[in-house]
Structure formats: structure tokens, C-alpha cells
Amino acid sequence: MHTTDNNKEVSYLLTIKGLVQGVGFRPFVYKLANKLNIKGWIKNTNYAVIVHAQGIPDDVESFIKLLSEQNPPASIIDEILKEKTQLKKLQGFNIGSSEVVSDDITVISPDISVCDECLDDMHNQPRRIFYPLVNCCNCGPRFTIIKGLPYDREQTTMQQFEMCNSCREEYYNPLDRRFHAQPVSCNDCGPSYTLNTRTVSYTDIHKILDYLKKKLHKGGIFAFKGTGGFHLACDAMNEEALVRMRLLKKRDTKPFAVMFRDLNILKKYAFVSAKEEEELLSFRKPIVILKEHKHLAPSVTLKLGTIGAMLPYMPFHYLLFDQLGLDALVMTSGNISDEPIIIDNSHAINIFLNSTDGVLTYNRDIYNRTDDSVIMVVNSKSRIIRRSRGYVPSEINLQIKTDGIFAAGAELTGTFCIGKDNHVIPSQYFGDLQNAENFNFYVESFGRYKELFRFKPSHAVVDMHPDYVTTRFANELGIRVESIQHHHAHIASVIAEHHIEEPVIGVAFDGTGYGTDGNIWGSEFLVCSGIKFERFAHFKYISLPGGDKAVLEPWRTAVSYLNNVFGYDFLNLNIPFIKNLDKSKIRLLLEAANKGINSPLSCSAGRLFDAVAAVTGICSQPTFHAEAPMRLEAAINYQADGHYSFIFDNDGIIDFSQLWEEIIRDLINKVSKNDISSKFHKTIVEVIVSTCFKIRESTGINSVAISGGTFQNRYLLEKCENILGQNLFKVFTNNKVPSNDGGIALGQLFIAAKKR
Ligand code: ZN
Ligand code: ZN
Ligand code: FE
């Protein structure tokens, strides 16, 4: 190595790729350059941010280092390419403002929660005092307001609002925090809020806040327009209000999400680990599933022992909590019966004005609908359950060509993916696509993604299930369609996320997925090398009397399991579950099942969890999706010892006859439900670990990919990851997409791209 004269300048051309546009990146670089005496310029191009950096070697080196260490919170740097370039005669550092907006920006920022500086402006900057839509380069709405590219104001729902002179000055000043912040606005020129009630309406923010305070304290319910759609809100401690809220939401019986005033107050109600705290405070502001510490009103959490908690993320949320003096508000999606979250002001007024105490709107449109995202932290790693606001439309780098591929996803948890260059852009969450409104949302969004990302589908990938609405939709596009087995796609989603090159042991457990033999799969041990898979083991098939009805009525699966193990004699078992059954109905049901009438074969892990929840009396009549396994998990006695037995036969069939005999014996001996749940969960962990051992022995494969909705069970995921890890397996799980069917599209797209 030769020595350089430290006073001699060096010059580099830096190509910075990633999410670096529309997130306050250029002002950050500009300030950093000035601080470190770097001369040169910065400009946006269609594929990256380009920086010319010139200065003495030490300064340039720390400049490059700090670029990726101190970058704005919402920016993501994929790579910085560094190329030596000729020294130029330069004066200071400039922002190439003439090339501010390029023609083909492919990376669009997700929505970003309000930043501290803007909150400060909301209290101190005269034009923005109490301005509930304050934002800057580092914060504010993005994806939800964007209609087209390039990302500038004319292509957003801010288009109708003309900037006042003061806002304009900020917008054009490269040193200002609002330099080219597209939604920039203030009290003088921007959108504003209106509170509509049956009797009066208010547009003055102080009057609005007074009214909300008065009514919310008395158990009022309001619809609030949020970032990606409306919320329904009420005091999280007021049971009466919550009962009304349940009625209002009709068939939606899931636990409600809660927004806490701040982190300290949240910590009174829930346990928060360091990683959970980081997520709660992140710019994405997701709902984080936390362990409950102190009870809210019973109708919020439904005795599941967890709280879906989030912190304020819009300026308005802060204004409200500042005035309100309440610890927490339920903030649930503003929709009825699991339909899409409402985004339109007049629609919200139509639906909610008469049934609530008021509808709070603002006059900036939401263009792209997003729900609050939901995550949980297991083993200090974040797991996405619902990927929407704050995450979309962030892309995932696949490192293989994906252009033109459309992956349609599954059905129960609808999402799709589109391929662009080496990337995948996953859509937001659409909910259950059997609901026609949700499916319309899916179709509409597909149209918007095509336009926004200039995506031309040439090849579709679907689930093997012939009746999924997504399969039918893709078949009508008039392009080549390829189908992928459901659990193969689950495992491929993990392979794609982690760029795994070697073959893996795939463990895919879930409620349902169409198998290559036409049966319902869901307890799959696959040996998978990207595009190919082999089924190594699974649970023994049982019939599901009544087919789809078994999902809503777990007693059906329970009856089938017991009949399988004990024959008709199971009807004489001396346990409460049997006593409560309508015996005449059961005989008919089983006769039909024996003849194979409306009784498909299934090996689903989800159904086994259902059956155990039913037989133990923990949950026999679920009111929302996956309630039975959730209640079974919530019942675990973590101190209990022991587990049940199972048989692994040589054909790779895992038989639970012994487990059922032992559970029945425990029930007769009055062993507590909590102990039974613990022993059951330990058995499933044992099944997974011992089967992975068997596969390793016979194939030499040491990497395990775990996916499928069943792994939203915290206990199961935590134990499997830990025990497999302790036994020197390399364990991979989903972190960027959900392990539930919301992650299927990524797996589908990956397999198709890899095959091509
Ligand atoms: Zn800000
Ligand atoms: Zn203004
Ligand atoms: Fe699945």
C-alpha cells in the first residue's frame, strides 16, 4: 500500500441504491457533505441517487461511512457503489434540483409516522400550531396518497392544494426539512379536518378536540380518518362502549387493536421487550402483539392474554391524546363484517354517522387503502402477521430476474406480488378474498400496481387450488398460468427471503392447502431445493365430516379423530365433550364420512389444534378465524411437565392415536386443561424436531425452513427454533412476509422466477 498525501483531494462517484427517494435523503446528504467539507453534488436518477464526493481522503471516507450509518430512518440503502473519478474544480456541495424528479422511480416509500421535529412544529411554528396534517421530508403519507410516477405533488392526492408562499419557500430550499416534501402544507394552505355529527359539524381543530374529549370520556364511539383508512375509536377501558362497538362491527369478533397514549403508559398494560419497543417506536408504527400485564375492558382482548398495541402515528393522534387524558383508545379498522377498511369520506359518513357519535374526516383523499400492519416478536425477531401500512410498497430483493411475473397468492389471507427487475413488490393485505368486497379491493389494487410500477404481466403463478378466486382471476388474464403447490410456496417464501441456495427441510404447518393428491394438506415435511420438492412426512389423514364446515365447527374434526381411534365406542367416553354432543346427529355424520360423502381427507395441523381445543372444552365454537388454536395456546401452563406419544411409521405417516388415548385419560383423571394444552404443544414440538432429525439422517440436509400459519403460535415457533438451533440445525423463518397465506405470493413468484 502506498501512502497518500492527506492534503491531496480524492474524488468518488457514488451510486446509492435502495429506498432513497422521497424520504429526506438528499437534504441529509447535503448537510453531511457541508459538515465534512465535501464538495460535489447529488442528484436523483431513475435507478439510484448519484453523489459526486470530493475532499481530503479522511473526510471522504467518513462521509461514505456515515451515509449508511446516519441515513434517515425511513430510507433503506441496498448498496453504495464506489468508483474513483476525476477531480473537478468545485465550489461547495449542490443539489441537482433540475433533476429532482426522474421519469421512472421504481422505489416508492411507505407511509412514515410523524417525526419529532414536526411534532415540535405543531406546538411552536406559527403556521403549524395545532395543524393536524403536518409533515416533512422525513415523515408523512407516501404510498397512500400516490397515484402515479414520477413521485411529485401533481401525482398525489395533494394536487388540489396550492402551496402558500411560506410552504413554497420551504419546498424549494435545499436546506429546509421540507425540501421537495410532496405533501408539505400548513394551516394556511393545506387540507383540514371536519368533525361531522348528527346535529353539528366543526372545522375548528380546538372545537373538534373539545367535542371528542367530552364524548369519548362518556363512552362515545367515533370514526376517525387515518392514514390508510378509517378507524373506529372508543375508550379502551369502557366496556359499555366496547359492547356497542362489537354490535356496530357485526360479524367482526376478533380482538381489538389499542392505541396507547405513549410508551410509558403502554408499559403499564403490557410487557415490552427491547425488540418490541424498537418496533413500537419505529416509523412504521405497526400493531405489536404483546403479553398482557394489566387488563383493559374485557371486550378488547377477549381473554387471550395478549394486547394488539400501537402508538400514535398521525399528528392528529398526538393532539387528541394531549387533550384527552385517557390512557388508551381502541382503534379498530373502520369497516363492517371484515369488509375492506373504508377510505372514502362520504362512504364513512353514510355508514357511520347514525351508528356512532361522529365521523372525523379530512379533505385529502386516500388513494391506496392500507390497514394497520400487525407484527409479533419471537426470539427477538420480528414476525409479520399482516403486512400493510408502513411496509407497502417496500420491495424484497430476490437477486434473480422477476420481470413480468404476477403471483396471485392464496385466498384466505389475500395478497399478490409483482416482479420488477430483481425485485418483488408485495401488495398490501386484502383480507379474506371469499368476501366479494375484499376481492374487488384486490382487483382494483392489481390495476393500480400495474400502472404505478409500469408492470406488464406476462406470466402468472397461482395456487394449485382450482377454486381459489385468485386462481380464477389469473386464468382470465390471458397469459401463461403456472400452478404451485401451497406448502411448497410457503417454504419457497422462506428460501426467497433468505436467498438460501442449499436444499432445505421444509416444515409447513397450517389450516389448509390443496395437495398434489387432491387431499387437504397442512402438516408437511418437505425436502425442498427451490423449484423442486418431495413430501417426506405428514400427519395421518382423517376425514373432515362436513368439509369446510369443520373449520367453523371444530367438534366435527374432534369427532372424526375420536372415531378413528376408539371406533363408535368413543360415544361412551365419560368426558364433558361427549356428553354435550347430539348423538343422533353424530351417527349420521359418521355414516356419511365413512361413505366419503362431503368428507374430504385432511392432514392439516390446524385441524388437529382445533380438535384438541374442542375435546378439552377450551374452544368448541370459535367466532373468528384461528380462535381455537389461539385459545389453546393461551391456555398453556408453562410450568407443566410431560408430553404425549405418537408413532412415526416408515412411510412417513405421523399417527396420533396414542396422543388421543392419553388426552382422554387425562380428561377422565381431571388433569387441568392448561396442563393438557402444555403437553399437547410439547408433543407437536417433539414431532417437528424428531422428524427433522430423521430427514437429516436420511438426506444429510441440515437447513430447516419453517412456515405456515400454525407458526403464528408463539410457543411453537419459539421452541422449534430454539431446540432445532441447539441441535445444530440452521433454522430459517419468515421475517419480511407473513408465515400465513399472506406470504404465499412471494413463494409462488420465487419458484416461477427460478424456473425461468
Ligand atoms: Zn416530519
Ligand atoms: Zn402553507
Ligand atoms: Fe397456508
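Mentor: A residue counts as buried under 20% relative accessible area, exposed over 50%, and partly exposed in between. Keep those cut-offs in mind as we go through this predicted model.

Trainee: Which salt bridge links Asp 666 to a partner?

Mentor: Asp 666 pairs with Lys 679, the closest N and O atoms being 2.8 Å apart. Asp 666 lies in helix H21 (residues 657–668) and Lys 679 in helix H22 (residues 673–699), so this pair ties together parts 13 residues apart in sequence. Both Asp 666 and Lys 679 are buried. Elsewhere, salt bridges that share partners join Glu 117, Asp 121, Arg 127, Arg 128, Glu 170, Arg 177 and Arg 178 into one network. By this rule the count comes to 27 salt bridges.

Trainee: Now the metals. Why is the arrangement around the zinc ion (ligand 2) called tetrahedral?

Mentor: Its protein donors are the SG atoms of Cys 164, Cys 167, Cys 186 and Cys 189, lying 2.2 to 2.3 Å from the ion. Four donors count as tetrahedral if all angles lie between 85 and 135 degrees. The 4 donor atoms here subtend angles of 105 to 118°, which makes the arrangement tetrahedral. Along the chain these donors follow the spacing C-x2-C-x18-C-x2-C. Cys 167 lies in helix H4 (residues 165–172) and Cys 186 in the loop between H4 and strand S6 (193–196), so the pair ties together parts that are 19 residues apart in sequence.

Trainee: What makes the iron ion (ligand 3) site irregular?

Mentor: Around the iron ion, the protein donors are His 486 (NE2), His 490 (NE2), Asp 510 (OD) and Asp 741 (OD), lying 2.1 to 2.2 Å from it. The 4 donor atoms subtend angles of 89 to 171°, which makes the arrangement irregular. A tetrahedral site would need all angles between 85 and 135 degrees.

Trainee: How do you know that His 490 is buried and Asp 510 is too?

Mentor: His 490 has 0% relative accessibility and so counts as buried. Asp 510, with a relative accessible area of 3%, is buried, the cut-off being under 20%.

Trainee: Last one: how many residues of domain 2 are in contact with domain 4?

Mentor: 9 residues of domain 2 are in contact with 6 residues of domain 4. The two domains bury about 670 Å² between them, 56% of it on carbon and sulfur atoms. Thr 253, Lys 291 and Leu 304 supply 60% of the area that domain 2 buries against domain 4, more than any other three residues. The count between domain 2 and domain 4 is 0 salt bridges.

Conventions. Residues numbered from 1 in each chain as written. Chains lettered and ligands numbered in written order. Predicted model: local features only at pLDDT ≥ 70, side-chain atom pairs only at ≥ 80, totals over all residues. Heavy atoms only, no water. Donors = N, O, S within 2.8 Å, 3.2 Å for Na, K, Ca; no water. Tetrahedral: all angles 85-135°; square planar, octahedral: opposite > 155°, others 65-115°. Buried < 20%, exposed > 50% of the residue type's maximum accessible area, 1.4 Å probe, protein only. Helix = DSSP H or I, 4+ residues; strand = E, 2+ residues; numbered from the N terminus. Contact = heavy atoms within 4.5 Å. Buried area = accessible area lost by both parts, 1.4 Å probe. Salt bridge = Lys/Arg side-chain N within 4 Å of Asp/Glu carboxyl O.
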